[in-house]
Amino acid sequence: MATADARRRLRERPLETTIFLSIVGYALVIGTFVLDLPIYPDLTLQQVNTLSHLTAIINAVTTVLLVLGWYWIKAGEIEKHRAAMGSAFVSIMLFLVVYLVRVGGGSGEKSFIGPDLVTYAYLLMLAIHIILSIVSVPVVLYALILGLTHTPAELRETAHARVGRIAASAWILSLVLGVVTYLLLNHVYDYELAAMIAPIAF
């Protein structure tokens with residue numbers, strides 16, 4: 001009964017639920033960066049690097065799931081689409097947990113060291129990645145809530161398809177850029193550690 005009531009409330013108020021969940025998510029991330037929350041373990045540099053590698057793997061897996069979900073909806077495979085998009089959301093929630101533990105438990109941020117031209121490209125890709133990560137949260141949540149609370153037939157009468165295209169496009173681009181900047185920072189070029197001042201290291 002409680003589950004049915006919660007589903008009905010989500011169905012009737014998808015926008016309000018999206019706004020609430022977005023605020024909670026933003027507050028958690030901002031709180032991790034701005035406040036010294038005592039909920040994260042202290043990590044060594046090796047542990048931070050291990051978690052960085054893990055977040056890159058999760059992002060790559062999430063990207064594959066999103067591309068498959070997009071392909072399957074184009075092919076009319078609705079159940080496969082739902083499974084892929086639901087799995088992508090679970091995957092990105094796992095990313096969020098690992099990412100916050102890494103940031104909250106780390107003692108500094110990695111500053112990219114490379115040729116000037118590559119550094120400019122890296123910073124541009126990183127900026128786009130961060131901006132898309134921020135702005136995609138509400139559209140992803142809205143598309144997900146609609147998808148979870150409506151039947152395929154009912155979804156045709158909602159903004160799910162339009163919002164979903166925007167959400168998937170922004171999400172995929174953000175994830176791809178995140179993986180590329182991770183590779184540049186951790187494997188192709190070098191970095192130095194500095195005091196953490198902003199959420200710009202992966």
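Just after helix α3, glycine 76 takes a positive phi of about 80 degrees. Keep in mind as you look around that this is a predicted model.

**Helix α3 and the annotated spans**

- Helix α3 covers residues 45-74, which makes 30 residues.
- From its first C-alpha to its last, α3 reaches 44 Å, close to the 44 Å expected at 1.5 Å a residue.
- Several residues of α3 are buried, including Asn49, Thr55, Asn59, Thr62, Leu66 and Gly69.
- An unreviewed UniProt entry lists five stretches as "transmembrane region": residues 20-39, 51-71, 83-101, 121-145 and 166-185.
- Residues 51-71 are 100% helix and 0% strand, with end C-alpha atoms 30 Å apart.
- Residues 83-101 are also 100% helix and 0% strand, and here the end C-alpha atoms lie 27 Å apart.

**The nonpolar cores**

- The largest nonpolar core has 22 residues, and Leu66, Phe89, Ile92 and Trp171 touch the most other members.
- Helices α3, α4 (78-105), α5 (116-149) and α7 are the elements that each give two or more residues to this core.
- The largest share, nine residues, comes from α4.
- Setting aside neighbours within four places in sequence, isoleucine 92 is in contact with Asn59, Thr62, Trp171 and Leu175.
- Another core, of seven residues, lies apart from the largest one; among its members are Tyr122, Met125, Leu177 and Leu184.

**A look at valine 180**

- Valine 180 sits in helix α7, residues 160-188.
- Its relative accessibility is 31%, so valine 180 counts as partly exposed.
- Valine 180 and leucine 126 are 54 residues apart in sequence, yet their C-alpha atoms are 9.1 Å apart in space.

**The aromatic cluster**

- The whole structure holds three aromatic pairs.
- Phenylalanine 112 and tyrosine 122 form a stacked pair, 4.3 Å centre to centre with 15 degrees between the planes.
- This pair ties together parts ten residues apart in sequence, because phenylalanine 112 lies in strand β1 (residues 109-113) and tyrosine 122 in helix α5.
- Both phenylalanine 112 and tyrosine 122 are buried.
- Phenylalanine 112 and tyrosine 189 have ring centres 5.6 Å apart and planes at 70 degrees, so this pair is edge-to-face.
- Tyrosine 189 lies in the loop between α7 and β2 (190-194) and phenylalanine 112 in strand β1, so the pair ties together parts 77 residues apart in sequence.
- At 30% relative accessibility, tyrosine 189 counts as partly exposed, whereas phenylalanine 112 is buried at 13%.
- Phe112, Tyr122 and Tyr189 form one aromatic cluster.

Note on methods
Residues numbered from 1 in each chain as written. Predicted model: local features only at pLDDT ≥ 70, side-chain atom pairs only at ≥ 80, totals over all residues. Heavy atoms only, no water. UniProt positions renumbered as here; feature names shortened; annotations may be inferred. Helix = DSSP H or I, 4+ residues; strand = E, 2+ residues; numbered from the N terminus. Expected span 1.5 Å × (residues − 1). Buried < 20%, exposed > 50% of the residue type's maximum accessible area, 1.4 Å probe, protein only. Core = buried A, V, L, I, M, F, W, Y, C linked by side-chain atoms within 4.5 Å. Contact = heavy atoms within 4.5 Å. Phe/Tyr/Trp six-rings, centres within 6.5 Å; stacked < 30°, edge-to-face > 60°.
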